[in-house]
Amino acid sequence: MKKSFFIFLFGIFSTVTAVSQETVVKGSVTEAISFEPIPSVTVTVEGTVLSVETDAKGEFQFLEQVPLGEQVLHISKNGFASKRYPIVVNEGQTLNITDMTLTKDVADANLFTISLSDDELDSDDSGLDNISGLLQSSMDLFQRTAAFEFSSSFFKVRGLNSENGSVLINGIEMNKLYDGRPQWSDWGGLNDVLRNQELTTGLKPSSYNFGGILGTTNMIVRASQYREGGRITYSSSNRSYTNRVMGSYSSGLLDGGWAFTIMAGRRWGNEGYQDGTLYDANSFFASVEKVINEKHSLNFTSIYTPNRRGKSSPNTQEVYDLKDIKYNEYWGWLDGEKKNSRIKEVVEPILMLNHYWDISSKTSLNTNIGYQFGKIGNSRLDYGGGGNPSPAYYQLLPSYFLADTDGPDYAGAYIAEQNFINGGQVDWERILDANLTNNNPVNGEKPGAYVLYEDRSDDTQLSVNSIFNTEVNENILVNAAFTYKNLKSENFGEIIDLLGSTVGYLNVDSFDGFQYDYQNPNRLVSEGDKYRYNYNILSEVVSGYAQAQFKYSKVDFYLSASLTNTTYQRDGLWQNEGYIKTDDAGNVLIDNSSGKGEKLSFTGIGAKGGLTYKITGKHLIDVNAGYITQAPSIRNTYSNSRENKSVVDNITEEKITSADISYIYRSPIVKAKLTGFYSKIEDANEVSFYYADGVTNASVVFNETSAFVQEILYGIDKQHIGAELGIQAQVTPTILLKGVASIGQYTYSNNPNLYLTSSSFSENGELGRTPTYTSNLKDYKIAGGPQQAYSVGFEYRDPDYWWFGATANFFSNTYVDVSPLTRTENFYLASDGLPINNYDEDVANQLLKQEEFDSYMVVNLTGGKSWKIGDYYIGFFASINNLLDEVYKTGGFEQGRNANYNELLADKSNDKPVFGSKYWYGRGTTYFLNVNFRF
């Protein structure tokens with residue numbers, strides 16, 4: 001009895017002791033300015049599955065045991081910027097954190113945000129590729145600054161193009177197989193429904209795919225994930241479009257398990273900052289979800305964003321000096337309106353069906369089917385029966401007359417100058433008159449001299465994938481995915497306007513006299529007919545990846561691997577006469593143009609890993625490294641897919657090696673991240689098209705030294721090395737100071753191979769080409785935006801919900817894109833294979849020195865105000881870019897026409913080179929105004 005009594009007392013004592021020594025972690029979260037409590041804030045212990053929500057008083061307490069030692073609390077809520085708080089948990093003690101605050105999410109409130117339009121991201125007319133769209137959703141200071149402050153200068157993070165990052169919608173990859181890049185126009189103008197994004201940067205692990213070395217962005221468009229309510233927005237700008245209206249509504253999850261989100265928008269303008277750049281875009285979005293039960297859900301999404309916009313031209317410095325940086329040679333007056341000859345039209349609807357299966361509380365399987373179809377068209381003038389219609393054609397500019405071989409023609413130069421200053425635009429009336437003149441029976445009813453046609457790419461792509469995620473335990477997460485893609489890309493030219501001609505237009509190469517369609521010689525084509533070329537590209541991609549993520553109190557790490565098989569095949573539908581051989585009776589003996597070409601197969605592998613070591617809750621070290629091999633893009637696989645089936649010499653997979661290391665400091669006041677990075681790209685290819693003069697050592701059967709050529713540069717190695725810094729300080733609850741720096745050196749690291757092909761070189765159906773040269777590009781800088789960029793700024797947020805911000809951004813080390821052909825032996829050898837007689841190596845080095853653009857500074861301002869009226873919200877936002885109207889070059893390229901020493905020397909000896917580099921200039925002072933009503 002006594003023994004039982006002592007056992008009972010011991011049990012009571014043990015229970016009381018255990019309760020008294022219980023480890024408790026609790027706290028509260030308030031709004032940073034008003035200090036009002038915030039309910040429904042998610043508080044998570046990083047590296048674990050422990051998570052709680054704050055109550056109506058903004059308070060929380062973990063009911064489960066929080067691991068002892070140094071930990072990090074992550075606090076988040078929709079509409080607020082997430083924060084991380086380092087804590088120390090001691091056994092048997094109560095930790096009460098009462099000073100945690102959240103601030104309104106500046107991205108959600110359009111605060112300090114410069115609107116990026118898809119025309120800025122789709123950079124085919126800027127000569128540069130923009131990765132800003134990959135970074136818009138990032139909360140990382142450096143990434144956001146790169147997206148919004150540096151984008152107008154076409155800055156590239158780590159000097160890399162956007163094909164190095166993956167863009168997904170509901171887990172389906174949107175990167176084009178043609179060039180590997182996202183086609184931003186396919187979802188342009190849908191800002192309100194694309195805010196929910198998951199972003200991983202660099203080699204960091206993604207739950208959706210292996211990704212590239214710039215990371216992965218997944219836009220989540222599940223109808224049930226949208227907040228119930230609607231938004232109406234109006235915007236005005238002078239950048240690309242001048243007006244924008246958008247309206248969206250989300251039902252939230254309804255009774256019966258249904259949810260839907262719809263949106264419609266329009267952007268338009270007669271011209272943006274550059275002259276004659278019309279903008280005409282509509283946007284439609286619908287997403288419907290049926291939650292079948294707790295485990296299964298189906299979501300259907302449709303996206304339709306037809307858009308048309310006028311392109312702007314690169315120009316020589318001579319042209320800019322005679323006009324201004326807004327000048328655009330592609331347009332002219334017709335019937336009192338500006339008509340642009342270069343229109344890009346994108347109509348590519350996207351349909352997707354997503355199945356979500358929560359197998360258990362810790363395991364899920366997401367299966368997706370995506371179908372995309374439609375067209376991309378790029379219009380241009382052709383002039384087989386007339387003179388070059390370009391108003392900036394070199395023979396119409398003063399420099400041409402000043403470079404006359406018989407001495408400067410000052411009178412001719414003055415007349416050309418005045419004509420260009422007072423005109424300088426496409427003469428549509430002259431073009432129409434020339435066609436009518438040709439059609440006149442008196443002149444034999446000749447075909448039209450000019451025609452407006454477009455280069456078409458009509459893609460039909462099916463994508464299917466399954467994404468598997470499982471939480472093995474509280475420390476280990478496993479991801480895996482399988483993907484299949486099937487592409488049929490129909491490529492052809494199409495007549496869109498005969499420009500007054502009633503006879504039609506001749507489907508013949510006016511330069512070489514070859515039939516574009518040998519089986520239908522001298523065919524006259526009309527509007528809607530195919531023209532110049534007609535072929536299909538067939539492609540299949542099968543890929544899979546597996547990944548394991550490990551999270552512990554002191555270290556997080558991951559390992560990931562992928563395997564991909566990619567096939568390409570060209571199917572020519574026309575016989576191009578320049579690439580066939582016939583007998584005396586006209587029968588085709590050799591055909592390098594029509595029919596199916598070789599089926600190419602590429603195997604890509606990927607392996608990457610990384611770790612984050614938590615020295616303390618405030619100090620972390622992050623390391624990532626990876627190796628990837630991947631198929632070259634379709635664009636860089638064929639030497640001239642429009643006319644023949646020839647493949648780039650020694651075609652093989654590209655190899656990418658990448659690594660970075662970061663030091664991260666984070667406290668409630670100061671956050672900083674310093675990163676060093678290295679990437680090497682090997683065995684890359686680039687195919688270019690231009691008109692070359694001075695091809696003197698071609699060793700091919702043709703009499704002229706001038707030709708329209710395809711330049712194939714292969715076996716290219718590039719090196720990207722540098723450092724990034726982002727630091728911000730919340731010095732008061734209302735003032736945030738921030739600074740960003742990127743210092744890089746992006747260079748060619750070898751001397752790649754180069755050869756030219758051209759129908760002018762072809763004979764007897766064999767592909768005409770030059771010998772293979774070595775292009776001495778090693779240590780030349782890679783063009784594509786500034787290699788050094790810096791930003792300093794501040795943000796002020798008032799308790800009355802108005803805000804203001806300013807940044808000063810400095811850019812330097814921007815280079816012109818050099819001509820690889822002029823860095824080969826063709827530059828210094830005469831047609832007999834011997835060095836040019838007057839060749840001077842010192843002069844040549846000066847001629848071939850890469851041009852570096854001037855450094856410049858751009859000041860941007862942002863501000864706004866929000867009001868809450870009952871249950872409704874009204875927001876106003878404004879930004880001014882380039883406040884000081886700085887004039888600066890964003891990019892440019894050397895013209896390839898002067899391919900040898902004598903011609904380049906003669907041209908550069910002139911005060912105004914006839915074939916000087918062509919440039920793009922950044923926009924001057926621009927504005928963006930936005931007002932929205934949320935309900």
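In this predicted model, three strands each supply at least two residues to the lining of the second largest cavity, namely strand S10 (172-173), strand S24 (363-372) and strand S26 (451-471). The volume of the second largest cavity is about 140 Å³, and 14 residues line it, of which Glu173, Met174, Gln372, Gln461 and Ser463 are the closest to its centre. When the lining residues of this cavity are sorted by class, 6 are nonpolar, 5 are polar and 3 are charged. A search of the whole structure finds 8 cavities of 30 Å³ or more. The general idea behind such a search is that rolling a probe the size of a water molecule over the atoms shows where empty space is left.

Strands of a sheet pair through backbone hydrogen bonds, either parallel or antiparallel. The sheet that contains S10 is open and has 4 strands, which follow the order S10-S9-S12-S11 with mixed pairing. At its edges lie S10 and strand S11 (197-201), each of which pairs on one side only. The partner of S10 is strand S9 (residues 166-169), and these two strands pair in the antiparallel sense over 2 bridges. Within this pair, Leu168 stands opposite Glu173 in S10, and Glu173 is also one of the residues closest to the centre of the second largest cavity.

A further open sheet, again of 4 strands, has the order S3-S2-S5-S7, and its pairing is antiparallel. Its edge strands, which pair on one side only, are strand S3 (51-53) and strand S7 (83-89). From one strand to the next, the twist of this sheet averages 25°. To look at one pairing in detail, the reader can turn to strand S2 (residues 42-45), which is joined to S3 by 3 bridges and runs antiparallel to it. Here Thr44 stands opposite Ser51 in S3.

Is Glu494 buried or exposed? Its relative accessible area is 16%, and because buried means under 20%, Glu494 counts as buried. The side chain of Glu494 makes a polar contact, at 3.2 Å, with the side chain of Arg456.

Technical notes: Residues numbered from 1 in each chain as written. Predicted model: local features only at pLDDT ≥ 70, side-chain atom pairs only at ≥ 80, totals over all residues. Heavy atoms only, no water. 1 Å grid on protein atoms, 1.4 Å probe; cavity = no way out; pocket = protein on both sides within 12 Å on 5 of 7 lines; lining within 4 Å. Points joined across faces, edges and corners; volume = space filled by probe spheres on them. Nonpolar A, V, L, I, M, F, W, Y, C, P; charged D, E, K, R; others polar. Pairing = 2+ DSSP bridges. Axes fitted to C-alpha atoms, helices over the stretch in contact; angles between N-to-C directions. Buried < 20%, exposed > 50% of the residue type's maximum accessible area, 1.4 Å probe, protein only. Polar contact = N/O pair within 3.5 Å; in protein donor to acceptor, adjacent residues only side chain to side chain.
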